[in-house]
Structures are given as C-alpha cells and as structure tokens.
Amino acid sequence: MTPANDNRPSLKRPAGFDAALEAYLPQLRKQANYMAGTREDGEVLLHETVLRMLRCAGNCRVETFRTWAQYKLLNTHSGMRAAARSQCRSAPTTSLTPANDNDPDAFARTVSQMRTPATQEAEADFSDAIRVLSMIKDGDLLLRRAMGIELKVIGGDLGVSKERVRQREEAARMAFCAAMQRSAA
C-alpha cells in the first residue's frame, strides 16, 4: 500500500501537535477576534498565525502548546500592526519627470493633468477627514503638523519636548488612518 500524496512539504511536527492545534483553535479564534477588533480581521489574524505555527511546528513542545500558540498569535498581531503603521506612513508618489525631454511644455502638461477641479465627492471626503480629526485624540496636533508648524513650536505651546510631540503625532496619524478606513468601509 502506498501512502497518499497530499502535496505538503514534510514538516516534522511533534506527536500530538495536530490534535493540540485542533483542540485549541476555538480559543485561538476568540483571542484573534478580540485582538483584531472585528471578526473579518480576526479571521485574517488567525489564518496568518496558523500558517506561522505550521511553518515552525518543529520548535513546539506539545506540553507548552497553549503558551507557544499565544506567543505566535501575539507575534503575528504585532507584525501585522507594524505593517499597517508603515503603510500609513507611506504615500503614493507621482513622477513629475516628462516622458519626452525634447518637448519644453511636457512638464507643464504633466502638472496640469495632475490638477483636478474640486468635486462634491472630494469636498465630502475633506469634510469627513476634518470630522475625524476633531474626534480623535491629538487631531488638532496632526492638523497643525499638516500645516507645516514645526515640532519645536508645537512642543513649546504644549509644554512638552519635540520628541513627545512626534510620538503623539504618530499615534494620532495611526488613529486617523484607522478611523478613515472604518468610515470608508
């Protein structure tokens, strides 16, 4: 009799690993949903966690499976939050270099193509952004930074260091991005 080919790489999992994973999966799902905030995000977190657990199953001792699984869940959640923060910090870029260097008006045309008249939808988006800024902690600080006011000046007004202003700005930016994503959904 030949063994069934299930097209999985041969992972050396300790005896009882699959049974422990199956038994602990409901609790892991519950924790993932709680940590992620929504059921959909919780399922994504659970999926990523189980994948990581299966990749390094050889490092697990079944006696301490619960602790190991919680560590993997926390580690995965932390990684996903870090990725979301870095995505919030980056913005799409547009090249201003004209495609044809021989045409002197190419740059002007490129810039004029980027300008779009304000539409009702854009104005609604702007008012949503202002509303969200007014509701989140340190939204006024984020607005002042967007206007180009330096960290040192804001710190002087608030009586804190410029590093503390930068930290509060980053926290406000993450809260703003999360709130805008929720309102868009």
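Buried means under 20% relative accessible area, exposed means over 50%, and partly exposed is anything in between (1.4 Å probe, protein chains only). Keep that in mind for the close-ups below. This is a predicted model, where local features need pLDDT of at least 70 and side-chain atom pairs count only at pLDDT 80 or more, while totals for chains, interfaces and linings use all residues. Residues are numbered from 1 along each chain as its sequence is written, and side-chain values use heavy atoms, with hydrogens and water left out.

View 1. Count them up and you get 8 helices and 0 strands, so the order from the N terminus is simply α-α-α-α-α-α-α-α (helices are DSSP runs of H or I with at least four residues, strands are runs of E with at least two, and both are numbered from the N terminus). Of the 185 residues in the chain, 23% are buried. The chain exposes about 13,700 Å², and carbon and sulfur atoms supply 54% of that area (Shrake-Rupley method with a 1.4 Å probe; for residues, only the protein chains shown count as cover). Now look at contacts, meaning heavy atoms within 4.5 Å. Among those between residues at least 6 apart in sequence, 58% join residues at least 24 apart.

View 2. Which residues of α1 are buried? They are F17, A20, L21, Y24, L28, A32 and N33. After α1 comes G37, with a positive phi near 100°.

**View 3. Helices α1 and α2 pack against each other.** Two packed helices are described by the angle between their axes and the distance between the axes. Here, α1 (residues 17-36) and α2 (residues 39-55) pack at about 145°, and their axes are 8 Å apart. (Axes are lines fitted to C-alpha atoms, for helices over the stretch in contact, and angles run from 0 to 180 degrees between N-to-C directions.) The residues making this contact include L21, L25 and L28 of α1, along with L45, L46 and V50 of α2. Sorted by class, the contact of α1 with α2 has 12 nonpolar, 2 polar and 4 charged residues. (Ala, Val, Leu, Ile, Met, Phe, Trp, Tyr, Cys and Pro count as nonpolar, Asp, Glu, Lys and Arg as charged, and the others, Gly among them, as polar.) The crossing of α1 and α2 is right-handed: a crossing is right-handed if the near helix is turned clockwise from the far one by less than a right angle, and left-handed if anticlockwise.

View 4. Leaving out residues up to four places away in sequence, T49 touches K72, L73 and T76. Then find H77 in helix α3 (residues 65-89). H77 has 14% relative accessibility, so it counts as buried too.

**View 5. C60 lies in the loop between α2 and α3.** At 5% relative accessibility, C60 counts as buried. Setting aside neighbours within four places in sequence, C60 is in contact with P14, F17, F65 and W68. C60 and F17 are 43 residues apart along the chain, yet their C-alpha atoms are separated by 8.1 Å.

**View 6. Helices α6 and α7 form another packed pair.** Helix α6 (residues 139-146) and helix α7 (residues 151-158) meet at an angle of about 145°, with axes 10 Å apart. Their contact is made by L141, R144 and R145 of α6 and L151, I154, D157 and L158 of α7. Those residues divide into 4 nonpolar, no polar and 3 charged. The crossing of α6 and α7 is right-handed.

View 7. D138 sits in the loop between α5 (120-135) and α6. It isn't a glycine, but its phi is positive, about 65°. D138 counts as buried, because its relative accessibility is 13%. S161 is in the loop between α7 and α8 (162-184). At 43% relative accessibility, S161 counts as partly exposed. S161 and L151 are 10 residues apart in sequence and 8.4 Å apart in space, C-alpha to C-alpha.
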